[in-house]
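Here are my notes on the model you sent over. Have the structure open while you read.

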Amino acid sequence: MLPRRMVMAEAPVTQSTASAPATVEPTGAETTAWSRFVESDVLYSFTRSPVTVTAAVVTAIFILSAIFAPLVAPHNPFDLASIDLLDSNLPPMWMEGGDPRFFLGTDDQGRGILSTIIFGSRISLLIGFASVVLATVLGVGLGLLSGFVGGVVDAFIMRVAEIQLSFPVILTALLIDGVIRGVLNVEKSGELAYWILILSIGISNWVQFARTVRGSTLVERNKEYVQAAQVIGIHPTLMVLRHILPNVMGPVLVIATIQLAVAILSEATLSFLGVGMPPTEPSLGTLIQIGNDYLFSGEWWMVIFPGIALAILVLAVNLLGDWLRDALNPKLR
Amino acid sequence: MAGNPLLEVRNLRVEFPTRRGILTAVDDISLHIDPGEVLGVVGESGAGKSMTGAAIIGLLEPPGRIAAGEILLEGRRIDNLPYEQMRRIRGLEIGAIFQDPLTSLNPLYSVGEQLVETIQTHTDLTHSQALSRAIDLLAEVGIPAPERRVEHYPHQFSGGMRQRVVIALALCVNPKLIIADEPTTALDVSIQAQIIALLKRLCREHGTAVMLVTHDMGVIAETADRVAVMYAGRIAEIGPVRQVIQNPKHPYTVGLMGSIPSIDQGDGRLTQIEGAMPRLTAIPQGCAFNPRCTKTLDRCFVQRPDLVQVEETQVSCWHHNKELAHA
Amino acid sequence: MPDAPVGAPAGASDESRDGVMRVQGLARYFDVSPPLLNRLIDRQPRQILKAVDGIDFEIAKGETFSLVGESGCGKSTVARLIVGLYKPTAGSIEFEGRDIAGLSRVEMAPLRRRLQMIFQDPYASLNPRWRVRDIVAEPLRAFGLETTSAGIERRVGELLSFVKLAAADGAKYPHEFSGGQRQRISIARALASQPDFLVCDEPTSALDVSVQAQILNLMKDLQREFRLTYLFISHNLAVVSHVSDRVGVMYLGRLAEVAPAKTLFTAPRHPYTRMLLDTIPDLSMSGRDRTPVAGEVPNPITPPSGCTFHPRCPFATDRCRAEVPMPITTPDGSIVTCHGVEEGRVPEGPVVAGA
């Protein structure tokens, strides 16, 4: 029985391949990362949320004033020549006894509070960023290794992660900090304060990156584009770095933003406890520690203003991280 | 076509407002289902067939909404009912079978509990009466040892068995119409045949009408009385199944039937339609099929063709529209 | 080919074929036991999943050999064994006379150029973060086939044109393409290294039927133009009948029947093959009432004893329940693994399934 469609074959539906467009989308200019960002839903949701825009602006102000601190701050609090002990403990400008040179007053060494906040934020942000970078590299690397190799390596890394998670982050940072200071001489530790802080905060924060990346790696590893690369014979290391890594980086940005806030707070806490930045190069936390001693003698400005600055910075970064997480979550869109 | 149709869809339009504009997933379609008949709705991905089924049963996911048209069940409008009233109709008068039996059943409740819950929601039976009816239903759908299996959880059934349970769930309060959306796609071929045979038999015995939404022409050939071929949110052709399959009129249906490989065809080339179905954002003006059609007339690029009767089927194609002869 | 009477063991006439691939006794087991702690505490036994349990077949140069079967039959595992994604538990895979079954990644490297694969899922088989031109160029770079960026660009454009895509499509990302187009990109990537042998794992199962027709036609054209040999995996018998020269039917890790396509579809021998053919819907609308296959595919971890098909077979005897059948060759060139066929018990004509 000849099927009916054989009769239809004489009126073919095929067109000549030259004229039929194969692509469905109109061929326009090549899309770059920037053009895709501008068109994306992410930017759209950003502009629709006033809270997020405010948070971004505040963070930008902090970062910019930290970068351009010498230009922005009225004085340089680390230039010992410009500090006069006679200017110490002055109240803010609008209060009785205030000096118009020092807008927010001075601390016990005669440094302007506003200037020390600006320079101090610079230190806080620097340490915050650097430790997050360290934590990201460490965490993503271990997560990829754990997820891709599996087996004993995976089990070992995850157990270490779980053990570390059972300690509070500050405790871990204190521990690492103390170990490093004990290994090196106490005198040297003043110079190396930056590095010690970056190391200790970075090492105590890798776990969240690793666990997330491990989960994504496990998912991506079974996908067929990875198998296609294996069939081509790509070396496993290249495969992880060039194929899997770009696909697991999505959540990492969100975690990094939120971890930045955590890192800044951790540094402030360590400095407050006296094992962070020394008073000669104070971060926001050190300022709070110094000012704390003077709180009950009535010179409240030395602790309140750095405290407010810290709180605002951490809040802004946190809000940015929250928005980023929601914006990048495909299920919520 | 004596008597009134059970389900009537008139000029249905389903839209999705997005920030880039309004996407029309279903664009002005009309169809009807008579009591007890099986209407197949066939089309490829993006044709809008699942949206049609979802709109009828009132399960369109927001922001999708019915923008125009009417849906009438036994003469009463159901598309504009408030949620509570629609909920009562759903299950009692219109049942549903979806593609994935794994997610259609709640994994935390036993199969019997789910059946009893549905039965008790729509009838006045006591718990024990409902339970015995559930056991009868499981037996009817071919599950061995139903008294024992009624207490089992969905994960204790295989894929084919789960789909049988889903069919039992859909039929348990004797609805007049069942919307079946790709009921066999996720199953092995030999199980597919079993499930199709079961569905056919049960619907015939209970007098239930079925709207069978699928991309598989073979399933339609076996099961449906009439079939509607959808393309880009519109109906290309609708008519008795034998006519549409063996004597297709719309060029898309012709190409579709030619693309299906069959055992008796031998080694020749399959008929292929160049290009692809347009995305919802880029539907051409006039007839949606015009970029891929070899029989285009000038009018095809300008005006969308109406659905007209040609012999036993209705076709939406200017080529078959007799009025055009005089245009 | 010498006539082998029913009952003669298979393999008697292999030497005369110009085989590019020969698989013998291929097996792959997976250990799916519960973790050690659970096994100790709950006293659960070890569980071995025999995904592929001893199969033999041959593929001649330029032909299309299909493996067909339902889920759990092991055909996808065979595809991955052939291409080296899994190591076999037993058996040999001879590619152009050389056993590639146990080779390390380094040893396999020169052969990979000639042995490539096309995957089932068009959405997962292309890296979503890479541009199409980099995806297609990856084999060129990996095998050192093109070293200059101009050469790569030229070759990528050429490959894209083979699969009826535009060279400008190389700048786009996979998500900008439809399923059928992505599958074309996969094919272009597979062709980049000028392979001789392509393993196609359900290449059209995820595509709409009209797109499937385009891809199948394309694959046929490419096979003719580049003299390719295909191992085609599918669960769709109609597609298989359209593309294959020879077909192997798998069930629970074993081959039920291997035959030339014409023979398999006109005169199937094994009861499973016959029941499987019966599941193909009848588009010629002859009104034939199909009797579907009874039962379901059993759990592959605990397969039935003897011939694994016996619970669903209307011709099963005690011997079928106890003894694993061996492959035999029939006069028309089929290789069947069935006691009933061997004993001449299985009658001609359509198979009626038990309830």
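The points below go through the chains one by one.

1. A word on the ground rules. This is a predicted model, in which local features need pLDDT of at least 70 and side-chain atom pairs count only at pLDDT 80 or more, while totals for chains, interfaces and linings use all residues. Residues are numbered from 1 along each chain as its sequence is written, and chains are lettered from A and ligands numbered from 1 in the order in which they are written.

2. Chain A has 15 helices and zero strands (DSSP runs numbered from the N terminus: H or I of at least four residues for helices, E of at least two for strands). Of its 333 residues, 39% count as buried, meaning 20 or more other C-beta atoms, placed from the backbone, within 10 Å of the residue's own. Among the chain A contacts with a separation of 6 or more, 68% link residues 24 or more positions apart; a contact here is two C-beta atoms, placed from the backbone, within 7 Å.

3. Helix α7 (residues 159–171) of chain B packs with α8(B) at about 15 degrees, their axes 10 Å apart (axes are lines fitted to C-alpha atoms over the stretch in contact, with angles from 0 to 180 degrees between N-to-C directions). So α7(B) is roughly parallel to α8(B), a label for angles under 35 degrees. Residues meeting there include B:Ile167 and B:Leu171 from α7(B), and B:Leu198 and B:Leu202 from α8(B). By class, this helix contact has seven nonpolar, five polar and one charged residues.

4. Chain C is assigned domain 1 (14–114 + 196–292) and domain 2 (124–194), with bounds from an automatic or database domain assignment. Their C-alpha centres lie 26 Å apart, and ten residues of domain 1 are in contact with ten residues of domain 2. On the domain 1 side, helix α7 (residues 209–226) of chain C has the largest share, five residues. By class, that side has eight nonpolar, one polar and one charged residues.

Note on methods:
Parallel < 35°, antiparallel > 145°, perpendicular 65-115°, else oblique. Nonpolar A, V, L, I, M, F, W, Y, C, P; charged D, E, K, R; others polar. Buried ≥ 20, exposed ≤ 12 C-beta atoms within 10 Å, placed from the backbone.
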